[in-house]
Amino acid sequence: MAGGGFAVADAPSGDYGGGITFSVVVTCLMAASGGLIFGYDIGISGGVTAMGSFLEEFFPGVLRRMAAARRDQYCVYDSHVLTAFTSSLYLAGLVASLAAGRVTRAVGRQAVMLAGGVFFFVGAAVNAAAVNIAMLIVGRMLLGFGIGFTNQAAPVYLAETAPAKWRGAFTTGFQLFLGIGNLAANLTNYGAARIPRWGWRLSLGLAAVPASVILVGALLIPDTPSSLIVRGRVEQARAALRRVRGPKADVDAELEDVARAVEVARSNEQGAFRRILGREYRPHLVMAVTVPLFQQLTGVIVIAFFSPVLFQTAGFGSNAALMGAVILGAVNLGSALVSVATVDRYGRRPLFLAGGVVMIMCQVAVAWIMGSQIGRDGGSTMARKYSVAVLALTCVFSASFGWSWGPLTWVIPGEIFPVEVRSAGQGISVAVNLGATFVLTQTFLSMLCSFKYATFIYYAAWVAVMTAFVVAFLPETKGVPLEAMGAVWARHWYWGRFVKVQQPAKNTDALIN
């Protein structure tokens with residue numbers, strides 16, 4: 001493949017004789033560990049905001065509403081300052097992810113992941129030591145810079161390093177580690193909630209552990225061959241490719257194909273962000289925006305963040321709500337394993353479609369239960385059996401997300417962009433993801449207060465829209481080498497009008513020798 005808007009004639013179609021080697025497994029696991037910091041933050045935020053000691057320290061108004069004799073269950077946690085604590089991270093991450101696209105081209109994906117780990121480590125320390133809301137917000141913004149850098153670099157690193165036949169499984173590893181981080185955070189919250197006064201500090205401070213993992217991992221892995229060739233380090237690229245592909249692979253043939261994509265990109269050199277706005281990159285830009293946006297519009301991120309709050313609204317006590325979040329985290333992790341095992345066997349589209357159907361049914365069922373049991377005014381108390389039903393449906397919803405929109409949102413953008421706009425495209429994708437997360441986390445509790453149970457109908461409608469979008473506009477990319485991805489778009493019934501065929505560059509021998 002030359003570029004995203006160009007399908008190269010005689011594009012490669014195989015794995016160059018390589019297979020799964022110990023080196024590629026270790027390298028991809030180290031890169032995928034970048035998902036730990038995102039997953040830990042998703043899990044830790046909602047649990048901390050449900051801890052009485054944390055609320056007493058920073059948000060006493062929420063505690064007063066909880067203590068009121070009569071209250072609207074939907075509106076107990078409606079506080080813009082409280083949601084700002086959670087959402088400020090994602091505004092910072094949006095800015096960092098856009099900056100990371102330019103930085104990556106200059107210093108490589110490995111260095112960007114390393115910088116992300118440093119930011120997250122410092123942010124964890126600031127949050128653990130916070131004495132006022134301003135300090136909390138500053139710490140959250142540092143965490144956001146770390147997540148923005150890591151989320152931009154790690155999925156693309158995985159896509160560029162993994163063999164084409166198993167690229168989906170390896171890239172899904174990012175979501176797997178996200179699930180591990182989320183489960184670890186929920187278990188931490190469950191234990192820390194039993195520590196009076198400073199348990200919340202322990203939860204926030206232990207974010208330094210996943211930060212340390214990505215720091216060590218980034219130091220132990222090489223940069224990707226594509227990134228090294230872009231920066232003129234051909235011999236390092238050859239060595240890195242030989243290391244991950246093994247002795248039986250035709251490394252020179254694969255390196256030549258990677259170099260061809262880089263050379264065509266250079267022959268059309270201009271600003272990557274300006275370039276991706278061109279007509280020939282229309283399908284890539286649309287996917288860079290819609291896929292991460294739709295992921296957030298499933299509603300799963302706010303359920304993940306505020307699951308303890310949601311379960312308390314549904315009638316669970318504080319400790320039971322935290323345990324419900326632990327169960328939810330375990331389900332997320334299990335479903336990520338399902339995705340790893342199936343994404344390269346059945347393809348991307350079937351997982352999207354199956355997940356979408358199940359999510360719609362679960363959201364509608366939750367809306368019906370909450371509407372019939374809590375009522376429109378939120379003044380009723382939900383019976384225990386219905387609270388358990390809400391937990392069960394939320395788990396099924398999360399499982400279906402975990403094998404579909406969860407991992408595939410990292411897989412699709414990581415594999416569809418051509419080399420000349422890959423960093424910019426992934427930067428846009430991550431920025432949209434974090435920007436949508438910021439908006440939704442900032443507004444979810446207010447939406448729950450205003451829309452009541454209809455909040456879940458709102459998200460179900462969006463899942464229906466995105467499932468139809470996948471049917472019509474997303475081509476199957478299972479097993480397609482990155483260098484041949486342009487042909488997939490050229491054959492598509494709609495996107496083919498934007499993608500044109502271009503002959504491969506003739507001077508790649510000079511580039512790699």
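Predicted model: local features only at pLDDT ≥ 70, side-chain atom pairs only at ≥ 80, totals over all residues.

Modeller: A residue is called buried when its relative accessible area is under 20%, exposed when that area is over 50%, and partly exposed in between. In general, an α-helix has 3.6 residues a turn, so residues three or four places apart point the same way. The ring centres of Phe54 and Phe58 are 5.3 Å apart and the planes meet at 50°, so this pair is tilted.

A second pair, Phe473 with Tyr494, is edge-to-face, with 5.5 Å between the centres and 75° between the planes. It links distant parts of the chain, 21 residues apart: Phe473 belongs to helix 22 (residues 454-473), while Tyr494 lies in the loop between helix 23 (485-491) and strand 2 (500-502). Phe473 is partly exposed, at 23% relative accessibility, and Tyr494 is likewise partly exposed, at 24%. Both residues belong to one aromatic cluster, whose members also include Phe294, Phe352, Trp405, Phe469 and Trp489. Over the whole structure, the search finds 22 aromatic pairs.

Turning to charged side chains, the count comes to 13 salt bridges. One of them joins Arg109 to Glu160, with the closest N and O atoms 2.9 Å apart. This pair also links distant parts of the chain, since Arg109 is in helix 6 and Glu160 in helix 7, 51 residues apart. Arg109 has a relative accessible area of 3% and is buried; Glu160, at 9%, counts as buried too.

Arg245 forms another salt bridge, with Glu254, where the closest N and O atoms are 3.0 Å apart. Here Arg245 is buried, with a relative accessible area of 4%, and Glu254 is buried at 8%.

A further salt bridge is that of Glu415 with Arg348, whose closest N and O atoms are 2.9 Å apart. Glu415 is in helix 20 (residues 405-416) and Arg348 in helix 18 (residues 348-373), so the bridge links distant parts of the chain, 67 residues apart. Both Glu415 and Arg348 are buried.

Notes:
Residues numbered from 1 in each chain as written. Heavy atoms only, no water. Phe/Tyr/Trp six-rings, centres within 6.5 Å; stacked < 30°, edge-to-face > 60°. Helix = DSSP H or I, 4+ residues; strand = E, 2+ residues; numbered from the N terminus. Buried < 20%, exposed > 50% of the residue type's maximum accessible area, 1.4 Å probe, protein only. Salt bridge = Lys/Arg side-chain N within 4 Å of Asp/Glu carboxyl O.
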